[in-house]
Amino acid sequence: MKRSKLSRRITWRVIGIVIFFNVLIFGAVFYFDLVASRLEGELRSKHVISAIEGRLNTIVEVVKTTSRNNLDAVEANLQSPEAVFQTLEKELKLNPHLVGCFAAFEPDYYPEYGRWFEAYAYFADSTHINTQQIGSQQHDYFNGVWYEKGFNLESAEEGYLTDPYFDDTVDRRMYCSYVRPIRDAQGRKVGVYGIDLNFNWIYTSIALAERMVKDSEEIVDDQEDPDDGNEFFILILDGKGQKIAGTKELDEETIQVIIKEDSIEYRPMRANGSTYFITTERLTPTGCILVIAQQRDFVFLSGYILGAILIVFMTIGILVIFFFTSHAIRHAIKPLAFLSKLAHQVAHGDFTTPLPTFKHNDEVAYLRDSFDTMQQSLTQYVEELKTTTAAKALMQSELNVARNIQMSMLPKTFPAFPNRKDIDLYATLTPAKAVGGDLYDFFIRDEKLFFCIGDVSGKGVPASLVMAVSRTLFRNIAAHTSEPHRIVETMNINICEGNDNCMFVTLFVGVLDLPTGHLCYCNAGHDAPFVQGTQTDCKSNLPIGVDPDLNYSDQELNMVPGSMLFLYTDGLTEAENANHELFGRERVAAVVSTFTGSPQQLVETMTDAVLQFAGETEQHDDLTLFALQYKKEEI
C-alpha cells in the first residue's frame, strides 16, 4: 500500500515536471514561430516591393532607350508638321509596346499652327494609330512642369519622368510621360519629345502579386465573405494620397499617416477597423507610394496553426507518459539520477551531450526522449537567435553603406584646388547619426568660386534625403547663374514642391570673384560667417523650403589678400557638455579671433576645441565646419 502511494506521488511529480518543461518548450517554440511569421510577412512585403520596383525600373530603362532612338528620327524630320506626324506614326508602329508619343514645339515654330503645336500619335486600339494636334490655349503645355523640365535638360542622354497625371485630352486615363528636349540641325532646343506610359503594368503587377501570395499561403477566397480575416492587399497612391491602383481602400486617417511619414518599414497600424502590418515605399521614378497591407491574423496564421498542433500533441504525450509511469516507476529511479546529471550539462550550454539508450519503452525512455526534444528545441532557438542577430547586423551594414554614399557626394579631397595659388579652403562634416542632414559644396566656374553650407531640419534618413536633393540643386542651378540670391530662390522653389513633411534648410551661398576678391553672398536663415575673426553683419532671410514665393537678397564684401572666411552649422554652437552647457558663439569667436594659420588648421583647431568641451557627452546634431582663405595670386 505504501509503495503504491509512493508510486503515485512520484508519478504525479514526474508528470508535473514533464508538463512544466513541455509548456516551456511550447511557449518558446510558439513565440519564435510567431516571430518567424512576422519576419516572413516582412520578407513578403520586401519581395513584393522589389518585384514592382524592378518591373518599374525595367520599363523606365526600355522607355529611355526607345525615346533616345525615336528622338533622333524626330529631329531628322523637322522640316514640316506633316513630317513630324509621319515620323511619330512610324516610330509608334515600330514600337507597339508604347501607348503614345508626342512632340511639343516652341511658340510659333510652325507659323501655320500659331502659338501652340503639339503633335500626338497614339494607339486608338491594338492595330490603329491616330494622330492629333492637341496644343491649344486650353491645353497650354508651356505652363506644364513636364515641358519646362524637359526643355531645360542639358545632356543629350538625360530624360525626365513626370509624376502621374490624369490626361483629359484624348482618353481620360492615368499616365506618366518620359520627355527629352528636341534640337534642330544647329543644336538649338526647339521643343520637347515624350513617350506616354499608362498604368496597366501596375494593375497587372498588383493582381499577380496578390494572387501569388494567397496561393503560397493556400488561402481560398470565400465568395460570400471576401473579408474573411486572411487579408493581403496592395495599393498605389499618388503624392496626395489618392488611390491610383489597388483592390482595397484605406481609411483617410491611415492615408494621412502614410503620406506624412513617406516611408514605413513594416509595422502594425490600425486601419479600416482592424490591425494591419503596413509597409510603404516611394517609387522614386514616379513619385507614387506603394502600400503593402497584411492583416495581423493573415501574418500569424501559420503560428496559430502550429500552436494548436503543439497543444494536441502535448496532450496526447502527457496521457501516454502518465500511463507508462504508473506501471514502471520503480525501475526509473536509477536512470533518473543519470538523466539528472545530463540535465545539468544541458543547463550549462552543452546541447550535444549524447543520451543513453534504454531497452524498455517506459517512462524513463520517454523522459530521455523529452530531453532529446529539449536539446533540439534549444539548438533551434540558438540558430534562430543567430539569424535575428545577423539581420540586425545587416541593417546596420546598410546604414553604413548609406552613410558612405552620402559622404561620397561631398568634396573631401584637400587641397581642393592644388594648382591654384589664390585660394585655400578646407571643410569637414561629422553626422550625429549614421546619416545626417548637413551639407557643404564648392566648385570653380568662370574664375568664380561657388560655395555653400547648409543644415536640414531634422535628423537621420529623412534629413539625409533632403540634404542630397539640396546639394544636387545647388550644383545644377549654380551651373547657370552667378547670382547667389537667384540660386537660393530657385532652390527654395524646388524644395517647397511636394514638401509634405514641412522640412526646411538653412543655407548660406557665396560667389567669390577670384581675380578681385569680391564676395557676393545670400544667407537663408543660416548663422552669419566670421571674416578675419569678426562675425559679419549678415541679413538672415528665411530658410528655404518654407514659402515658394519668398524673395532673397544679396550682400557683398571685399576680401583682402590673406583674409579668412569661416562658416559652420549650429551643431558647433549647440554642442553640449555633461552640465548641459552650450559651446556658444562666444567660444567660436574666441578661437577664430586669435587664429593665424591655414583653413585646415582652423577647422582642426575648432574641432579639437568643441570635442574637448563636450568630453564624453553624446552629441545630437551634425557638425559641419568650412574655412576659406583668399590669397593674393602669385605670379
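Which residue forms a salt bridge with Lys93? Select Lys93 and Glu89: their closest N and O atoms are 4.0 Å apart, a salt bridge being a side-chain nitrogen of Lys or Arg within 4 Å of a carboxyl oxygen of Asp or Glu. The model is predicted, so local features need pLDDT of at least 70 and side-chain atom pairs count only at pLDDT 80 or more, while totals for chains, interfaces and linings use all residues. Residues are numbered from 1 along each chain as its sequence is written, and side-chain values use heavy atoms, with hydrogens and water left out.

Helices (H or I, at least four residues) and strands (E, at least two) are DSSP runs, numbered from the N terminus. Lys93 counts as exposed because its relative accessibility is 55%, whereas Glu89, at 26%, counts as partly exposed. Buried means under 20% relative accessible area, exposed over 50%, and partly exposed in between (1.4 Å probe, protein chains only).

Next, select Lys64 and Glu61 in helix 1 (residues 2-75), which lie three residues apart, about one turn of the helix. Their salt bridge has its closest N and O atoms 3.6 Å apart. Lys64 is partly exposed at 29% relative accessibility, and Glu61 is partly exposed at 45%.

**Further charged pairs**

Move to Asp184 and Arg188, whose side chains meet in a salt bridge of 2.9 Å, N to O. Asp184 is buried, with a relative accessible area of 12%. Then select Arg420, Asp422 and Glu447, which a network of salt bridges links. The structure holds 16 salt bridges.

Display the open sheet of five strands, ordered 9-8-12-11-10 with antiparallel pairing. Its edge strands, strand 9 (243-246) and strand 10 (267-271), each pair on one side only; two strands pair if DSSP finds at least two bridges between them. Within the sheet, select strand 11 (residues 274-283) and strand 12 (residues 288-295), which run antiparallel and are joined by eight bridges. Leu283 stands opposite Cys288 in strand 12.

**Helix 7**

Finish at Ile305 in helix 7 (residues 301-328). Ile305 counts as partly exposed, at 46% relative accessibility.
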